[in-house]
Amino acid sequence: MDFIRDKRQLWLGLAAFLLICFTAAGIGSYATFPAIPGWYATINKPTWNPPSWLFGPVWTVLYTMMAAAAWMVWRRLGVQAAATPLFFFAVQLMLNTLWSVFFFGLHNPGLAFIEIILLWLSIAATIYFFWKVRPLAGALLIPYLAWVSFAAFLNFTIWRLNS
């Protein structure tokens, strides 16, 4: 049974989680986009590096799924009872944004690799806490964890190729 039942409040809550997630995406994009045609185009990348056009659609789907998952947890428990799962959600979202700043903004794949390990751990913790509240909310974050796992391997490879 859900804690939040008012239809207007439900839709406003979903809109708020979408806004939060896509604000984080926007901040990360602000650090990312200027580096793509310059620094990123000039560094060594593995042959299996995905094309740049793929990242936008993938991240759009992932941020939407993150927002839906957080909304489900909030809807089930409300803010106070969901404080721990939503705290881990906020931490992973902050780390997600910082990765773009470290990798693209500071041009520092080594620091970004250390940070992405922390991001991976925080996503795993968020999945755990979300799953306990509503398994579907946790499951919605599994593709995100898979993508970040791939991104961590790519980040590590780029770091090694350019150090």
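Which helix holds serine 100? Serine 100 lies in helix H4. The model is a predicted one.

Is serine 100 buried or exposed? Its relative accessible area is 10%. Buried means under 20%, so serine 100 counts as buried. Set aside its neighbours within four places in sequence, and serine 100 is in contact with Gly28, Ala31, Thr32 and Gly105.

**Helix H1**

Gly28, Ala31 and Thr32 are among the buried residues of H1. Others on that list include Leu10, Gly13, Leu14, Phe17 and Cys21. Ala24 and Ala25 are buried in H1 as well. What do the buried residues of H1 pack against? They pack against helix H2, helix H3 and H4. Helix H1 has 26 residues. From its first C-alpha to its last, H1 reaches 37 Å, close to the 38 Å expected at 1.5 Å a residue.

The residue ranges of the helices are these:

| Helix | Residues |
|---|---|
| H1 | 7–32 |
| H2 | 36–42 |
| H3 | 52–81 |
| H4 | 83–105 |
| H5 | 109–133 |

**H4 against H5**

Two packed helices are described by the angle between their axes and the distance between the axes. For H4 and H5 the angle is about 160°, and the axes are 8 Å apart. Angles over 145 degrees count as roughly antiparallel, so H4 and H5 are roughly antiparallel to each other. The crossing of H4 past H5 is left-handed. Which classes of residue make up this contact? The contact of H4 with H5 has 21 nonpolar residues, five polar ones and one charged residue.

Note on methods
Residues are numbered from 1 along each chain as its sequence is written. This is a predicted model: local features need pLDDT of at least 70, side-chain atom pairs count only at pLDDT 80 or more; totals for chains, interfaces and linings use all residues. Side-chain values use heavy atoms; hydrogens and water are left out. Axes are lines fitted to C-alpha atoms, for helices over the stretch in contact, and angles run from 0 to 180 degrees between N-to-C directions. Helices (H or I, at least four residues) and strands (E, at least two) are DSSP runs, numbered from the N terminus. Angles under 35 degrees count as roughly parallel, over 145 as roughly antiparallel, 65 to 115 as roughly perpendicular and the rest as oblique. A crossing is left-handed if the near helix is turned anticlockwise from the far one by less than a right angle, and right-handed if clockwise. Ala, Val, Leu, Ile, Met, Phe, Trp, Tyr, Cys and Pro count as nonpolar, Asp, Glu, Lys and Arg as charged, and the others, Gly among them, as polar. Buried means under 20% relative accessible area, exposed over 50%, partly exposed in between (1.4 Å probe, protein chains only). Contact means heavy atoms within 4.5 Å. The expected span of a helix is 1.5 Å times one less than its number of residues.
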